[in-house]
Amino acid sequence: MANNYLDIQETAERLGCTSRRVQQLCVTGKLPGAFKTDGDWQIPVTADARLVARISYLVSRDMLDIPADKRQEATDRLGVITEFEKITACCIRNGGTRTEAVARFTTETNIAIRTLERWIHKYRDLGLMGLVDTRGGKFTSQILSPDAFALFKSMYLTQQRLSVRTCWQNINYINRSEKKNWNIPTLRTMYNYIEKNIPMGVLVLHREGLAAYEAKCAPYITIDPDSIKPGQIWVSDHHQFNCWIRYRNDWIRPWLTCWEDMRSRKIVGWHICAAPNQTTILLAMKRGIEKYGPPDSVKIDNGRDYDSEMWTGTTKVRRRTLAKGYIDETRIAGIYAMMDIGVSFSIPYHPQSKPIERWFDTLDMQFTKTMPTYCGKDSERKPDNLNDYLKSDKAILEAYTLESFGELVNQYIEVYNNNAHSGNGMDGQTPNQIFSQRTSQRVLVDGVLELLMRTWSGELIVGKNGVRFKGMWYGQYNMELAIWQGKKVVAAYDPDDMRRVYVYDSTNTKLITIAEQNQLIAYGSAVSEESFRQARGEQARAVRITRQFRDTRLTANMDLPTLTMKAMAEGQKQKTEDRRQETGDGRQKTEANIRPVQTPLNNQVREHQRQVTIKALKRAAGAESMTAALDMDFSLLSTKKSESRKLGLFND
């Protein structure tokens, strides 16, 4: 039945009498408008003021946003309907009809019959809310009842991210099954209602979490650009271009690994590749350091490429025990620490903490969109004819390759670095102009950058067959490495040449040896007697050298306690002398704007060159099994590949 009719039981509760008394009132016509259907009495709430009072109280919460004058007008209309029901009941008891009652009532009250019927119809459908004059716009509670909206929000504003449709269906079901009498709009109206009545910040916080809220909606601290010096902080990240190029006979979206100076916004180093990884970061940074020297610190992404053990010297699990978002430089030994570069990590979902993200948008707007194979940031911005174009012979013929595309990106970056900016702190200057204003420059010792910019391992344990790195074994018969068996070392290799690795002491990063990749023999393959004899000879030589590592004759008649104490005294004397020289006027001085970078490999460039030359000479002379040190001057031998290849020293 209509929402505003009550049964015998509910009427008795509201009137405070028994059900039998209510039935008597219905039969005698003392509850105007009551009628019987299917054997059950239906009593209108307008039949008695005590029945209307509770309804008015219940709906008053839904009308809080309605102006007082309109609420009063709706209440007056309800009074008119109540009076009409009483007159109608009296007319029927006296043998009249409802039509006669309507005619008599409208004549006396000067209310049009159509208006009265409309009020009665709306009241029966919507209650007191239906009697509100809606001219001038609908009110919130007319569209959606507050209780219904509260229940909707409790379902919708969760990180389960239920759809609007699901939540809307749920509150509709509850409204019907529990007879809540809520006003609930259509689904389309519900979408518009949510957009107008739920703030964006509320949506993001409850549905996406605090981190997303802070990134998208929360105010953030604006950094004073003058507090950062040009060249002081570099930021880096990967970016996938929104366009297609040809690579190995297939279409791919290339990647850019980029380093940007935070103050000047100058792009200092970059590398184009098919898939980003640690090596592309290394190559991009190497390019920047070769031109401008290393920065004081870097701000990097939280991805596994940037915070790998190779770069930071520690794993993410170990780093999480340190202060949130930062690395303790004194406890790491990665590439950053070896160049004395401070490290901080950007906050997840926080593009403000990594300004290079804004440059990627600029790159997309100014450069990528000009490509004929531009695919847009998402499917909605994808050109309609792109798929057909990519299948055409013309597209394949005119497509950029990784190399040609890289050259084009290089040209754009050069133009960008020389383009004036109007951003915060730029004052219409170009990135190159701002960067040229740096007051100091950090520099590396010649040759050290080549040694540092390699792929580095974490700590490795030397085993019987050398060290295992990147799934391969190195240094199987390397005698320098054999005496380190069971000890911890670190290894590094040139990304362009994995045939050998450079093995270092893990405690002080001192070069131990250059280990060649082990030769593998397939299971079940025949092995010649000569190869077997050679392998056995290498094993015997390894045992012999291991035994010769300590010559007992040298300390047979030595007073070791006395010798040790003399050495300690001499060492302390030397330390005192060194400290005096450091504080004296004879201390070596450098120019004010040049800051040499001290790395663990600064004094090892010549040793690297010497070992490479020795291995080349032994191989050229067929004396690779020779263990004695070569006492000769290598200064006349160039270690540059272009010159050494002329001598045949580095032939593969």
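Student: How do the axes of helix 8 and helix 10 cross?
Tutor: The axes of helix 8 (residues 146–156) and helix 10 (residues 187–197) come within 13 Å and cross at roughly 85°. Axes are lines fitted to C-alpha atoms over the stretch in contact, with angles from 0 to 180 degrees between N-to-C directions. Helices are DSSP runs of H or I, at least four residues, numbered from the N terminus.
Student: Parallel or perpendicular, then?
Tutor: Helix 8 and helix 10 are roughly perpendicular, a label for angles of 65 to 115 degrees.
Student: Which residues make the contact?
Tutor: Phe-149, Phe-152 and Tyr-156 come from helix 8, and Met-190, Tyr-193, Ile-194 and Asn-197 from helix 10. Contact means heavy atoms within 4.5 Å.
Student: What's the source of all this?
Tutor: It is a predicted model: local features need pLDDT of at least 70, side-chain atom pairs need 80 or more, and totals for chains, interfaces and linings use all residues. Residues are numbered from 1 along each chain as its sequence is written, and side-chain values use heavy atoms, without hydrogens or water.
Student: New topic. How far does helix 13 reach?
Tutor: Helix 13 (residues 278–292) has 15 residues and reaches 21 Å from first C-alpha to last. That is close to the 21 Å expected at 1.5 Å a residue, taken as 1.5 Å times one less than the number of residues.
Student: What follows helix 13?
Tutor: Gly-293, with a positive phi near 80°.
Student: Which of its residues are buried?
Tutor: In helix 13, the buried ones include Ile-281, Leu-282, Met-285 and Lys-286. Buried means under 20% relative accessible area, with a 1.4 Å probe and protein chains only.
Student: And across the protein, how much is buried?
Tutor: Buried residues make up 40% of the 652.

Conventions:
Buried means under 20% relative accessible area, exposed over 50%, partly exposed in between (1.4 Å probe, protein chains only). Helices (H or I, at least four residues) and strands (E, at least two) are DSSP runs, numbered from the N terminus. Angles under 35 degrees count as roughly parallel, over 145 as roughly antiparallel, 65 to 115 as roughly perpendicular and the rest as oblique.
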